[in-house]
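Please consult the sequence and the structure shown here.

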Amino acid sequence: MLAPSDISLAQTARLDAPSITAQTLPPLLHRDVACIFQRSPEKLFELVQRSGSPLHLVWPHVLRENIEGLRAVLRKHDLHFEMFYGAKANKSQALLQAAVEASVGVDVSSIYELGAALRAGVDGCAICATGPAKTRVFHAALIGAGSLIAIDSREEFDDLEALARETRADSPTRVLLRYRPHASRTSRFGMTVDDLLACLHRLAISRDLFRFEGFHFHLPGYSHQSRVDAIAELMPLVQAARALNLPLRLLDIGGGLPVRYVESARFDAFARAQRPSDYRNGIVPSRFYPYGGRIGAADWLEQLLTSPLMPGLSVEQYLNRQQLTLALEPGRSLADQAALSLFRITRVKSLADDTFVVFAEGSSFSACETWFASEFLVDPILVSCSHGERPGIVPSASPVRAYIAGHSCLDEDVITNRLIHFQSKPQTGDLLVYANTAGYQMDLLENEFHRHPMPKRISARWDDEGRIETFPDQTQGVPEWS
Ligand SMILES: Cc1ncc(COP(=O)(O)O)c(C=O)c1O
């Protein structure tokens with residue numbers, strides 16, 4: 001992973017300038033992604049010229065690498081495991097396809113994600129459906145595909161049972177029961193221990209309809225210890241299922257593996273140094289998404305597996321002794337570093353207090369962390385179209401501060417309220433490139449406000465000669481069941 005100090009372009013304030021270090025948050029970059037700034041910055045302009053702004057450039061091979069990183073940890077521990085890519089993290093079909101080609105399953109939360117996963121070629125048996133509000137048509141499609149269904153509530157159990165009776169499928173419907181861990185007591189997702197016990201008894205007398213495969217949970221936040229605690233809470237339920245002679249084989253711990261966006265020391269220094277005057281609205285946000293986490297997904301998984309569930313019994317030992325398969329549903333962490341989001345600058349407007357507002361051609365919904373109650377914080381990379389000898393190279397520095405606004409008429413359409421320190425003043429036609437946006441940030445909230453078309457996405461890879469190749473990335477399609 002590179003920090004942008006390693007790449008030569010019109011970057012935000014220089015990393016080696018101590019006086020402003022705490023004000024800058026340059027993104028960490030995957031080496032292959034960083035290459036485009038060094039080798040072919042002009043390609044970025046060409047792509048935006050052709051496909052419009054904003055434009056998302058996705059890197060499927062990076063997702064495959066992330067899968068291999070987690071696999072290596074799981075193999076080292078000699079564990080049985082099943083990985084499901086959390087397709088909700090990004091609407092890119094190319095990323096989904098990459099996951100399927102890397103032989104992982106897919107975690108789907110809608111009939112549309114199910115359709116996309118099947119189109120990507122995944123076997124229906126390698127699909128796991130989570131989410132609390134599955135419709136009858138979604139349930140029916142899942143039963144038809146032979147997928148695993150995580151039952152969220154006793155009410156969902158009733159609905160599924162009625163449907164399974166009507167459908168009379170050739171084989172029993174495969175189910176998990178979703179647990180609501182103590183750490184998430186007020187969540188609307190999952191069931192209490194009493195509810196789970198009641199479901200287990202129902203499953204024990206409905207073997208013709210259901211095949212019970214295990215327990216599932218998903219927790220917010222990135223603490224591995226909260227997952228360890230949840231597994232410990234499930235231990236008596238595993239015993240209860242076994243006592244009922246149910247064919248339990250799987251513990252599914254959901255997603256929530258962390259991603260590092262910026263160096264942690266820099267993030268800590270930044271967080272300590274925040275003042276109201278650093279923001280266009282004079283407000284330091286009360287919380288930020290944890291952009292500067294100390295560990296990435298592979299180390300997190302290692303910590304989880306080696307943590308004690310009780311003295312003398314680690315998670316790994318427990319799973320192996322109980323002959324349980326560990327299932328996980330990483331979304332954001334598999335998409336780590338797998339996209340760049342490009343915004344063309346339409347105008348740079350001077351403000352009264354010697355700062356600027358940069359208008360990006362696109363909206364704040366194409367690079368945001370709103371659902372995680374955070375300002376989108378990481379610095380964009382400024383790629384200049386006109387400075388220097390070729391795009392991307394900037395001449396002498398004349399630093400400015402600017403916040404980044406979207407192109408809508410709403411005052412709150414702001415990508416970054418923080419005044420970003422640019423090493424030189426951005427110009428109309430330059431590009432702002434947001435790194436590592438694949439995990440929810442680029443397309444979770446995108447829309448056609450002002451009737452702007454939906455942003456396009458293109459998948460990219462380097463060929464053997466070191467040239468970049470790009471392909472259209474088909475996204476949504478209409479499933480046959482709608
Ligand atoms: C049930 C379930 N599994 C997996 C995920 C993926 O989480 P993440 O993208 O943080 O890995 C989510 C995200 O909301 C989820 O709800």
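Which residues are buried in helix 4? They are P60, V62, L63, N66, I67, L70 and L74, where buried means 20 or more other C-beta atoms within 10 Å of a residue's own, with C-beta atoms placed from the backbone. The model is predicted: local features need pLDDT of at least 70, side-chain atom pairs count only at pLDDT 80 or more, and totals for chains, interfaces and linings use all residues. Residues are numbered from 1 along each chain as its sequence is written.

**Helix 4**
- Helices are DSSP runs of H or I with at least four residues, strands are runs of E with at least two, and both are numbered from the N terminus.
- The end C-alpha atoms of helix 4 are 25 Å apart, which agrees with the 24 Å that its 17 residues should span at 1.5 Å a residue; the expected span is 1.5 Å times one less than the number of residues.
- Its buried residues pack against several elements, including helix 2 (31-39), strand 2 (81-86) and helix 5.
- D78, which follows helix 4, has a positive phi near 55°.

**Residue I67**
- I67 lies in helix 4 (residues 60-76) and is buried because 21 other C-beta atoms are within 10 Å.
- Beyond its neighbours within four places in sequence, I67 is in contact (C-beta atoms, placed from the backbone, within 7 Å) with M83, A99, A102, V104 and L334.

**Nonpolar core**
- A nonpolar core is a set of buried Ala, Val, Leu, Ile, Met, Phe, Trp, Tyr and Cys residues joined through C-beta atoms within 7 Å.
- The largest such core has 134 residues, of which L95, A99, V106, A117, I404 and V433 touch the most other members.
- Helix 5 (residues 93-101) gives the most to this core, with 6 residues.

Technical notes:
Buried ≥ 20, exposed ≤ 12 C-beta atoms within 10 Å, placed from the backbone. Contact = placed C-beta atoms within 7 Å.
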